[in-house]
Amino acid sequence: MTRRRSIWLALAAGPVIAFGLSAVAGSFWIAPERVLRALSGWDSDPVSNKIVREIRLPRALLAGLAGVGLAVTGAAYQGLFRNPLADPFVIGSASGAALGAAIVISCGWTTAALGLSAVPFGAFVGALGAVVLVVMLSGLVRGTSLTGLLLAGAAVAAMLSSAVWVVLALERQEPSKAIGWMLGSFAGGDWTIFRATAPWLFVGTISLGLLARPLDALSQGESAARGIGIDVRLTAACVLIAGSLATAAAVAAGGVIGFVGLVAPFLARRAVGNKHAALIPASALVGATLLVLADALARCVIAPEEFPVGVVTALLGGPFFLVVLRGKR
């Protein structure tokens with residue numbers, strides 16, 4: 001067996017193992033054989049069947065899909081901006097999502113749309129709205145298009161973050177619900193949210209995969225990309241639209257979850273190299289593995305209570321990058 005095949009088998013095994021652990025672990029532990037019987041419909045215990053098939057399975061799939069979306073978007077944005085520290089929220093989508101969710105919670109809206117309940121829908125619209133605002137403002141910034149996007153993204157993220165805290169300061173009833181959303185959690189994940197967010201995540205990630213070759217050219221610089229006939233603005237727009245769809249859907253599924261879009265592409269790049277045709281699917285596998293494992297850990301740390309999954313990814317991702325930076329130095 002070649003080394004390359006071994007690497008891909010290990011990457012593919014990661015999500016499978018993570019899903020298995022997620023089905024077993026939690027405040028109520030279920031033996032692996034009972035999990036298999038519940039999934040196959042052979043288990044006569046209604047409690048195990050409900051926990052596995054109606055709670056843990058959709059939640060694990062939701063976390064896996066969100067991990068795929070964040071990781072693939074992170075890999076694409078890092079190639080687009082030629083910056084290994086670029087993440088899915090670099091152009092303000094996280095702040096927009098947080099503001100959308102905070103406004104919905106503050107106003108007490110309960111109307112569902114696009115198959116999503118009110119808060120996830122507000123986060124979805126907020127994330128997309130922030131990206132649209134950044135793209136519009138970037139045309140006012142002198143310099144290259146990508147530089148303008150980064151500068152506009154930083155400004156919009158700062159303004160929207162301030163607006164979030166204004167909304168929370170005015171909220172008298174449920175500020176903790178909005179703060180919990182900003183910390184990230186899949187506690188409410190079910191088949192309804194999965195069916196509503198999966199198409200957006202699928203469209204976004206597949207579109208980014210189809211842009212692998214233009215991303216290879218852009219990662220060498222805008223001048224080099226133009227030299228081989230790449231339309232930099234059109235490619236950047238396509239990457240931003242696809243990445244924003246995937247990111248907004250991931251945020252709608254589980255809130256604002258950091259570091260997955262940074263760590264997963266870094267690990268995938270070490271395994272398969274810099275070519276986006278391999279990097280994007282590898283990042284997807286690593287991202288799914290990381291976020292499903294993080295969600296399982298969040299359920300077990302202080303069981304029967306839950307830890308915010310965004311806090312888990314930050315606690316693991318922060319030291320990881322400090323070690324990496326020290327090694328590079």
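Reader: Which residues line the second largest pocket?
Author: The lining of the second largest pocket is made up of F259, V260, V263, L290, L291, L293, A294, L297, T313, L316, G317 and F320. A pocket here is an open set of points on a 1 Å grid over the protein atoms alone, where a 1.4 Å probe fits and protein lies on both sides within 12 Å along at least five of seven lines, and a lining residue has an atom within 4 Å of a point. This is a predicted model, in which local features need pLDDT of at least 70 and side-chain atom pairs count only at pLDDT 80 or more, while totals for chains, interfaces and linings use all residues. Residues are numbered from 1 along each chain as its sequence is written, and side-chain values use heavy atoms, with hydrogens and water left out.

Reader: And which elements give two or more residues to that lining?
Author: Helix 12 (260-272), helix 13 (276-300) and helix 14 (309-328) each give two or more residues to the lining of the second largest pocket. Helix 13 gives the most, with five residues. Helices are DSSP runs of H or I with at least four residues, strands are runs of E with at least two, and both are numbered from the N terminus.

Reader: What volume does the second largest pocket have, and what is its lining by class?
Author: The volume of the second largest pocket is about 210 Å³, counted as the space filled by probe spheres set on grid points that are joined across faces, edges and corners. By class, its lining has 10 nonpolar, two polar and no charged residues. In this scheme Ala, Val, Leu, Ile, Met, Phe, Trp, Tyr, Cys and Pro are nonpolar, Asp, Glu, Lys and Arg are charged, and the others, Gly among them, are polar.

Reader: Where is F259 found?
Author: F259 sits in the loop between helix 11 (232-254) and helix 12, and although it is not a glycine, its phi is positive at about 75 degrees. With 28% relative accessibility, F259 counts as partly exposed, where buried is under 20% relative accessible area, exposed is over 50% and partly exposed is in between, with a 1.4 Å probe and protein chains only.

Reader: What is phi like at R82, then?
Author: R82, a residue other than glycine, has a positive phi near 55 degrees. R82 lies in the loop between helix 3 (46-81) and helix 4 (93-107), and with a relative accessible area of 41% it is partly exposed.

Reader: OK, cavities now: how many of 30 Å³ or more?
Author: There is one cavity of 30 Å³ or more in the structure, and a cavity is a set of grid points where the probe fits but cannot get out. The largest cavity has a volume of about 30 Å³, and its lining includes D87, P88 and F89 as well as F259 and V260. That lining has six nonpolar, two polar and one charged residues.

Reader: Switching to helix 1, is A18 buried or exposed?
Author: A18, which is in helix 1 (residues 3-24), is buried, with a relative accessible area of 0%. Leaving out residues up to four places away in sequence, A18 touches T289, V292 and L293, a contact being heavy atoms within 4.5 Å.

Reader: What about A152, where is its place?
Author: A152 belongs to helix 6 (residues 145-170) and is buried, with a relative accessible area of 5%. Not counting residues up to four places away in sequence, A152 touches V134, L137 and S138.

Reader: Last one, the whole chain: how many helices and strands?
Author: The chain has 14 helices and zero strands. Its radius of gyration is 20 Å, close to the 20 Å that the globule rule gives for 329 residues, so the chain is as compact as a globular protein of that length; the radius is taken over C-alpha atoms, and the rule is 2.2 Å times the number of residues to the power 0.38. Buried residues make up 50% of the 329 residues. Of the contacts between residues at least 6 apart in sequence, 74% join residues at least 24 apart.
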